[in-house]
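Look over the sequence and the fold, then read on.

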Amino acid sequence: MADRYENQAPEKLQGKYQAMVVCCILGIGSLVSWNSMLTIADYYYQVFPDYHPSRVLTLVYQPFALGTIVILAYHESKINTRKRNLIGYILFTISTFLLIVLDLATRGRGGIGPYIGLCAVVASFGLADATVQGGMIGDLSLMCPELVQSFMGGLAVAGALTSALRLITKAAFEKTNNGLRKGAMMFLAISTFIEFLCVMLYAYVFPKLPIVKYYRRKAASEGSKTVSADLAAAGIQNQSDLLLDSSMQKDDDSKNQRLSNKELLIQNIDYAVNLFLIYVCTLSIFPGFLYENTGQHGLGAWYALVLVAMYNCWDLVGRYTPLVKWLKIENRKLITVAVLSRYLLIPAFYFTAKYGDQGWMIMLISILGLTNGHLTVCILTTAPNGYKGPEQNALGNLLVIFLLGGIFAGVALDWLWLIGKKNAF
């Protein structure tokens, strides 16, 4: 059956570039709300100066994201992927809009009450992130690597887009009354619109693209049950539509057998651990260190924003560099060496913040972003190769667990930079 599908591939893989564009937009939607929160952190530092917003909000976000993805990954083979992703994007839309409502209701005032409300909305972001990111990466893992790469590129586009908009709004509103607040509200309004757009794209456009239908039919023929609702949305209503001739209608359990999650994890433990280590390193520096530990420099209040923008831009570049074949790392040992070598950046950041100037810091944050994006895409596009559709979906979810676990550990370790600082806590 696999051979049959491979023979059909050239005529069925239509709409590949449209699918890549849609995947990129869906990637933007899975991170734009959270990135908006990080990028307007200077506003939240003004409203809540004593509560370490960039560190606390990230620490609130991650346990909900990690706990949710663990549960969803365990049950992934029984979960309707279409409902899962739509629920995630709808939750993103509502939560982002609630941030605007919260700010308007409190008139931009600080205090513990509004801060608790802010933390509650951020927790819902964590739920939505795990729902969408695990669901989308698992779903796209059973398709061609370019779609996974486009989705991951969209995550970085979200960062670059929010950073660019933040610099523009800061310049536009800097000298106006309540300038920071106006810029923040504009940010959140744009993010709400993007999330709503993602709901529409995933519900009505993505499942009807020929290349998406082809790979989902192929996954269903290999025993995947998670794609049935998406196939129905694309107009493929019953099992006979999935089969190419009557001889395929016979039950063949041997074809539908798949590796268990435990077996998949054992076979790919190096990929999983490397993803974990990538994000431990990145999040132990970004964004808390940039906002609170880089000292005073010539750029003043712009300094942290410029550093965040440089990280996001180079992260975006890094997620597209694997498209160049000779730059893509597929050797498992080489990936491990590259991941471990990134930890040299931690002492480099420490000594640069203490003794270096802003030029060196900008260079280091660029390297951090470039390697983060490049290595992430190399792992997520290489790991699913050679598996059947249901296994690829499961492996995608398992890898996202380690990715979010790394983020959580990195966020916790980010607090270590405050040791020895006066009035740090």
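A residue counts as buried when its relative accessible area is under 20%, as exposed when that area is over 50%, and as partly exposed in between. This is a predicted model.

**One asparagine**

Start with N397. N397 sits in helix α20, which spans residues 389-413. Is N397 buried or exposed? Its relative accessibility is 1%, so N397 counts as buried.

The side chain of N397 has polar partners. One is the side chain of R84, a polar contact at 3.0 Å. The side chain of N397 also reaches the backbone oxygen of N393, at 2.9 Å. Leave aside residues up to four places away in sequence, and N397 touches I69, A73, E76, R84, G134, G135 and G138.

**Two helices**

Now turn to a helix pair. Two packed helices are described by the angle between their axes and by the distance between those axes. Helix α16 covers residues 303-320, and helix α19 covers residues 358-382. They pack at an angle of about 35 degrees, and their axes are 7 Å apart. The crossing of α16 past α19 is right-handed.

Which residues of α16 and α19 meet? From α16 come Y303, V306, L307, M310, Y311, W314, D315, V317, G318 and R319. From α19 come Q358, M361, I362, I365, S366, L368, G369, L370, N372, G373, H374 and V377. By class, this contact of α16 with α19 has 13 nonpolar, 7 polar and 2 charged residues.

**Aromatic rings**

Last, the rings. How many aromatic pairs does the model hold? The count comes to 8 aromatic pairs. Two of them are set out here.

| Pair | Arrangement | Centre to centre | Angle between planes |
|---|---|---|---|
| Y202 and F206 | stacked | 6.0 Å | 25 degrees |
| Y350 and F351 | edge-to-face | 5.1 Å | 80 degrees |

The surroundings of these pairs can be read too. Y202 is buried, and F206 is buried as well. Y350 has a relative accessible area of 38%, so Y350 is partly exposed. F351 stands at 45% relative accessibility, so F351 also counts as partly exposed.

Y44, F48 and Y115 form one aromatic cluster.

Note on methods
Residues numbered from 1 in each chain as written. Predicted model: local features only at pLDDT ≥ 70, side-chain atom pairs only at ≥ 80, totals over all residues. Heavy atoms only, no water. Phe/Tyr/Trp six-rings, centres within 6.5 Å; stacked < 30°, edge-to-face > 60°. Buried < 20%, exposed > 50% of the residue type's maximum accessible area, 1.4 Å probe, protein only. Helix = DSSP H or I, 4+ residues; strand = E, 2+ residues; numbered from the N terminus. Polar contact = N/O pair within 3.5 Å; in protein donor to acceptor, adjacent residues only side chain to side chain. Contact = heavy atoms within 4.5 Å. Axes fitted to C-alpha atoms, helices over the stretch in contact; angles between N-to-C directions. Left-handed = near helix turned anticlockwise from the far one by under 90°. Nonpolar A, V, L, I, M, F, W, Y, C, P; charged D, E, K, R; others polar.
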